[in-house]
Amino acid sequence: MSADMALWQEIVLAVFLVTAGIFGLVGSFGLIKLPDPMTRLHAPTKATTLGVGGVLIASMLYFFFAKGHLSFHELMITLFLFLTAPITAHFLAKANLHTDVNRDAVPPPAGDRPWAGFESDEARRIAEDKASKGA
Amino acid sequence: MIARILPHPLLTLTLVVVWQMLVNYVSLGTLVFGLILGIVIPLITAPYWPDRPRLKNPAMIVEFILVVLWDIVVANIVVAKTILFTRNTSMHPAWISIPLDLRTPEAITVLAGTITMTPGTVSSDVAADGRSLLVHCLDAPDPDAVRDEIKQRYERRLKEIFE
């Protein structure tokens, strides 16, 4: 690292980087350790958020300490990550519901119609016809 | 007149701010180009918006973001602990069905995303009529408590923001 940073600044950066590394490692380890696809989905959506977040905070602080200006790119990465991670997880979960999960193991929804992934095209057409006639 | 040039003022503002952050510095040139993008993109994409969400309670948005950021940090630590220190055989993965009071599609989307980012829960499906969310918990000995906490902590705040 550059010489124009104080020792405490380097320590702060190091703490963020090491914490981030640990969380990234634990998230990846969870992928191996957890028993089935649904629980495995939890590891990368959670533990890795703080892993990436820690590196981004360290990067922002580095540019602030060493170059003396604020960098906004890291905030954008965080924003895009928060937008995309849940969508990816949702798709993976839905694909898994379709292929692997016993439908009786899943609790029923509160309303009359089933979970969107379990409804056949035929049933959907009938239900939507009924809804549009009622409206 | 204003409504015709700026059909979606919030989207315009977001685009301008995002553009500033992408170029990483503020000058007159980048501001003008950001404004051009902020005006042109909403005009081009206007036919594709199903609806425009109305935000009712700006103070609540700040509170919601802070609560969620805090919960994300806690979620990371909790899940890391579960991965490292709980044996697979003593874990209690569970499916829970959350009946929704929210009706706005945008609010339900935000709630589903929030659930995925926070403690040990992933939102997996929505009911065909949009009245319930299917959530998977990594380690939930008491699924009802998880459901009540989600409703109390996130859904109540989202309801104040969107509805």
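Predicted model: local features only at pLDDT ≥ 70, side-chain atom pairs only at ≥ 80, totals over all residues.
Helices (DSSP runs of H or I, at least four residues) and strands (runs of E, at least two) are numbered here from the N terminus. Residues are numbered from 1 along each chain as its sequence is written, and chains are lettered from A and ligands numbered from 1 in the order in which they are written.

I begin with chain A. Its elements, from the N terminus on, run α-α-α-α-α; that is 5 helices and 0 strands. The C-alpha trace of chain A spans about 70 × 40 × 20 Å along its principal axes. Its radius of gyration is 23 Å, whereas a compact globule of 135 residues would have one near 14 Å. The radius is taken over C-alpha atoms, and the globule rule is 2.2 Å times the number of residues to the power 0.38.

An automatic or database domain assignment divides chain A into domain 1 (7–101) and domain 2 (106–135). The centres of these two domains of chain A, over C-alpha atoms, are separated by 36 Å.

Helix α1 of chain A covers residues 7–33 and has 27 residues. From first C-alpha to last it reaches 38 Å, close to the 39 Å expected at 1.5 Å a residue; the expected span is 1.5 Å times one less than the number of residues. Which residues of α1(A) are buried? They are A:Phe16, A:Ala20, A:Phe23, A:Val26, A:Gly27 and A:Gly30. Buried requires 20 or more other C-beta atoms within 10 Å of the residue's own, exposed means 12 or fewer, and partly exposed lies in between, with C-beta atoms placed from the backbone. In chain A, buried residues make up 25% of the 135 residues.

I turn to chain B. It has 6 helices and 3 strands, in the pattern α-α-α-α-β-α-β-β-α along the sequence. Chain B has a radius of gyration of 20 Å, well over the 15 Å from the globule rule for 163 residues, so it is more spread out than a compact globule. Buried residues account for 31% of the 163 residues in chain B. The assignment for chain B gives domain 1 (2–48) and domain 2 (58–162), with C-alpha centres 32 Å apart.

How do the chains meet? Two residues are in contact if their C-beta atoms, placed from the backbone, lie within 7 Å. The contact takes 36 residues from chain B and 46 residues from chain A. On the side of chain B that touches chain A, the largest share, 8 residues, comes from α4(B). That side has 22 nonpolar, 11 polar and 3 charged residues. Here Ala, Val, Leu, Ile, Met, Phe, Trp, Tyr, Cys and Pro count as nonpolar, Asp, Glu, Lys and Arg as charged, and the others, Gly among them, as polar.

Finally, the core. A nonpolar core is a set of buried Ala, Val, Leu, Ile, Met, Phe, Trp, Tyr and Cys residues joined through C-beta atoms within 7 Å. Of the 43 residues in the largest one, B:Leu111, B:Leu133, B:Val135 and B:Leu158 touch the most other members. Elements giving two or more residues to this core include α1 of chain A and α6 (143–162) of chain B. Leaving aside residues up to four places away in sequence, B:Leu158 touches B:Leu102, B:Ala107, B:Val110 and B:Leu111. Thank you.
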